[in-house]
Amino acid sequence: MAAVTVNSAKRGLRAELKQRLRALSAEERLRQSLLLTQKVIAHNQYQNSKRISIFLSMQDEVETEVIIKDIFKQGKICFIPRYQFQSNHMDMVRLTSPEEIALLPKTSWNIHQPGEGDVREEALSTGGLDLIFLPGLGFDKDGNRLGRGKGYYDTYLKRCVQHQEVKPYTMALAFKEQICPQIPVDEHDMKVDEVLYEDSPAS
């Protein structure tokens, strides 16, 4: 598929998925989020991972708060994204406690993240990551992901491959309404190892 066609297919699908997500009630979002939280906590990859990166949810994303609390409860090390809005650069920086999230400044996307001048351990500088939880707008069952168009995660995953001997396991968290028959992709798009949603097969 030519790049122009892929880009316009992505644009159309993003608009459709945003509409689907807007139609989800708060109760339904919470119901699916709690179900996915249980799936994550029971998952072998999660249990065997020590260094984990996880996103702080926007309103239309699977709620990750309980997973973050469990990461600390299990004595694992938690990293969260710090986006640079003027580029597609993102670092995964260490979070010291779940309680700290509310104290972090908010970005224009209304997400808490450490400020630029806040010096923190960056995952790739100190041993890499075992597991990365990814957000996104849409996914298919082959692990193709449609993000918001900035390329933060695709760029970061390429850096992981350069810095780590073993690639981190990548797991997307999705509402079932975000599962599509096929996601349009180009050569820059990185697949995820597993998409977790309400009816996803147990792994």
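Analyst: Let's start with a term: a salt bridge is a side-chain nitrogen of Lys or Arg within 4 Å of a carboxyl oxygen of Asp or Glu. This is a predicted model, so local features need pLDDT of at least 70 and side-chain atom pairs count only at pLDDT 80 or more, while totals for chains, interfaces and linings use all residues. Residues are numbered from 1 along each chain as its sequence is written, and side-chain values use heavy atoms, with hydrogens and water left out.

User: Okay, how many salt bridges does the structure hold?

Analyst: Side chains of opposite charge can pair when their charged atoms come close. Here there are 15 salt bridges. In one of them, Glu121 pairs with Arg51, and the closest N and O atoms are 3.8 Å apart. That pair links distant parts of the chain, 70 residues apart: Glu121 is in the loop between β3 (90-94) and β4 (131-134), and Arg51 is in strand β1 (residues 51-53). Strands (E, at least two residues) and helices (H or I, at least four) are DSSP runs, numbered from the N terminus.

User: Which other residue does Glu121 meet in a salt bridge?

Analyst: Arg94, at 3.0 Å from N to O. Arg94 sits in strand β3, 27 residues from Glu121.

User: Is Arg51 buried or exposed?

Analyst: Buried means under 20% relative accessible area, exposed means over 50%, and partly exposed lies in between (1.4 Å probe, protein chains only). Arg51 has 11%, so it is buried. Glu121 has 25%, so that one is partly exposed.

User: And the nonpolar core: which residues touch the most other members?

Analyst: In soluble globular proteins, nonpolar side chains tend to be buried together. A nonpolar core is a set of buried Ala, Val, Leu, Ile, Met, Phe, Trp, Tyr and Cys residues joined through side-chain atoms within 4.5 Å. The largest one here has 57 residues, and Phe133 and Tyr156 touch the most other members. Leaving aside neighbours within four places in sequence, Phe133 has contacts (heavy atoms within 4.5 Å) that include Val40, Tyr46, Ile67 and Leu173.

User: What about the surface: which residues make a nonpolar patch?

Analyst: Patch residues have over 30% relative accessible area and no salt bridge; nonpolar side chains (Val, Leu, Ile, Met, Phe, Trp, Tyr) are joined within 5 Å, and like charges within 9 Å. Leu30, Leu34 and Val66 make a nonpolar patch of about 250 Å². Val66 belongs to helix α4 (residues 65-73), and at 40% relative accessibility Val66 counts as partly exposed.

Key. Areas by Shrake-Rupley, 256 points an atom, 1.4 Å probe, with all protein chains shown as cover.
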